[in-house]
Amino acid sequence: MAYSYEELAEIRHYLHQHPELSGQEYQTTAFLREKLEDLGIRVLDSGLKTGLIAEIGEGRPVVALRADIDALPILEQTNLPYQSQNPGVMHACGHDFHQTSLLGAAALLKEKEDQLEGTIRLIFQPAEEISEGASAVLATGLLDDVEGIIGFHNIPQLKAGKLAINSGAMMAGVEKFKVSVTGVSSHAARPDLGVDTVTAVTTMVQNLQLLISRTVSPFEAAVLSITHLDVGSTWNVLPKSGYFEGTIRSFNPKVQRDLKERFISIINHLAESLGVDVDFEWGVTPPVTYNDAALTKVVWEHSQGIADVIVAEPSTAGEDFAFYQERIPGVFAFVGSNGAPDAPDLHHDHMTIDDAAFEVSVPYYVENAQALLRYFKK
Ligand SMILES: [Zn+2]
Ligand SMILES: [Zn+2]
């Protein structure tokens with residue numbers, strides 16, 4: 001039996017009260033499993049520690065619907081009646097809303113199972129906030145036969161009732177780097193007897209600023225920020241080692257790959273000419289969330305009846321849905337969830353969701369899942 005929007009709001013409030021951190025979504029997973037089994041939906045044997053994959057319908061084509069389920073290490077300050085009961089942990093990114101939307105859609109699709117022309121796989125993904133969940137889901141192999149995938153994120157800056165989509169980049173590709181530099185320590189008075197790490201680090205930081213301004217097309221958006229450097233500890237000793245760290249972001253998968261390559265090459269060349277050793281550390285971060293043009297057209301068309309559909313402005317934040325899109329054509333949309341001029345942003349301790357947004361998020365999954373099945377059937 002399908003849920004009413006009031007029932008979905010109640011489920012979301014329950015989940016909101018019981019948030020769990022990335023990779024530790026044990027009770028959340030058990031809760032979802034029970035709800036899905038109550039609905040008669042097959043939960044697949046994925047081997048995932050947390051999160052789960054379920055299935056409705058049969059045969060090809062196979063399309064996937066994805067929602068994330070993890071919360072953040074934030075002390076909630078909303079004072080809502082359903083505020084987090086797990087102090088220091090909060091659904092401040094609205095993943096309580098995402099997973100409840102997918103549960104609501106699952107119930108509706110289960111009712112239509114006889115009419116489905118293929119299989120719909122439901123992904124309740126763990127660990128989005130640490131960019132590890134999508135890779136874990138892909139590693140199960142249960143997405144190998146999936147031809148198209150759909151997901152969304154709530155956006156507090158947009159009013160409930162609005163849906164924003166764009167063909168191409170929706171969210172930035174993110175690289176997180178740390179570069180360690182090692183020279184030879186010496187007395188400040190005799191730099192000639194050492195290899196100066198301070199000069200090496202600052203020269204690298206300066207030269208890297210040429211990367212965006214001199215190698216990226218003026219028609220592309222990209223940013224490189226070096227946010228932290230640490231070298232030396234006193235006035236009269238040239239230190240042996242130091243490091244700097246920061247991030248590179250862009251909206252074009254090729255630009256992002258090229259930037260990383262040139263970044264490494266600039267540093268290696270400088271290291272060679274300055275006589276220092278370098279070591280690179282790259283964080284686990286998502287590539288560009290890049291919507292498939294053909295599927296975006298299908299989703300755009302089939303969302304008209306359910307929402308006020310607008311063209312999305314890409315976000316400089318990253319999203320691990322991008323890992324699916326490297327392997328499977330997909331569409332990621334933004335669902336309006338507040339819209340007040342002073343609405344607190346995602347990851348804010350006052351962030352709230354307008355439950356009216358279910359009226360877009362649930363049919364977004366239901367209508368577009370069926371539209372994609374028909375699209376791939378041809
Ligand atoms: Zn988040
Ligand atoms: Zn999120």
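These legends walk through several close-up views of one predicted protein model.

In this predicted model, local features need pLDDT of at least 70 and side-chain atom pairs count only at pLDDT 80 or more, while totals for chains, interfaces and linings use all residues. Residues are numbered from 1 along each chain as its sequence is written, chains are lettered from A and ligands numbered from 1 in the order in which they are written, and side-chain values use heavy atoms, with hydrogens and water left out.

**View 1. The whole chain, before zooming in.** The protein has nine helices and 16 strands, where helices (H or I, at least four residues) and strands (E, at least two) are DSSP runs numbered from the N terminus. Its C-alpha trace spans about 80 × 50 × 45 Å along the principal axes. Of the 378 residues, 51% are buried. Here buried means under 20% relative accessible area, exposed over 50%, and partly exposed in between (1.4 Å probe, protein chains only).

**View 2. The zinc ion (ligand 2) and its protein donors.** Cys93 (SG), His95 (NE2) and His153 (NE2) sit 2.1 to 2.3 Å from this ion. Donors are N, O and S atoms within 2.8 Å of the metal (3.2 Å for Na, K and Ca); water is not among the atoms, so the site may look incomplete. Read along the sequence, the donor spacing is C-x1-H-x57-H. Look for the zinc ion (ligand 1) as well: the two ions are 3.1 Å apart, and Cys93 coordinates both. Cys93 belongs to the loop between β3 (62–68) and α3 (95–111) and His153 to strand β5 (residues 148–159), so this pair ties together parts that are 60 residues apart in sequence. Cys93 is buried at 6% relative accessibility, and His153 is buried too, at 4%.

View 3. Arg66 is in strand β3 and Glu319 in the loop between β15 (308–311) and α8 (321–327), so the pair ties together parts that are 253 residues apart in sequence. Both partners are buried.

**View 4. Asp144 and Arg327, a salt bridge between exposed partners.** The N to O distance here is 3.7 Å. Asp144 is exposed at 58% relative accessible area, and Arg327 is exposed at 53%.

**View 5. Lys254 and Asp258, a salt bridge within one helix.** The closest N and O atoms of this pair are 2.7 Å apart. Both residues lie in helix α6 (residues 253–274), four residues apart, or about one turn of the helix. Lys254 counts as partly exposed, at 47% relative accessibility. For a salt-bridge network, turn to Arg42, Glu55, Arg121 and Asp145, which are joined through shared partners.

View 6. Helix α1 (residues 5–17) supplies the largest share, three residues. Glu10 is in that helix and is exposed, with a relative accessible area of 57%.

**View 7. Backbone details in the loops.** The peptide bond from Arg60 to Pro61 is cis, with omega near -5 degrees, and Pro61 is in the loop between β2 (52–57) and β3. Asn79, not a glycine, has a positive phi of about 60 degrees; Asn79 lies in the loop between β3 and α3 and is exposed at 67%. His347 has a positive phi as well, near 70 degrees, and sits in the loop between β16 and α9. His350 is in the loop between β16 (330–338) and α9 (358–377), and its C-alpha lies 5.4 Å from that of Gln77, although 273 residues separate the two in sequence.

Definitions and conventions. A salt bridge is a side-chain nitrogen of Lys or Arg within 4 Å of a carboxyl oxygen of Asp or Glu.
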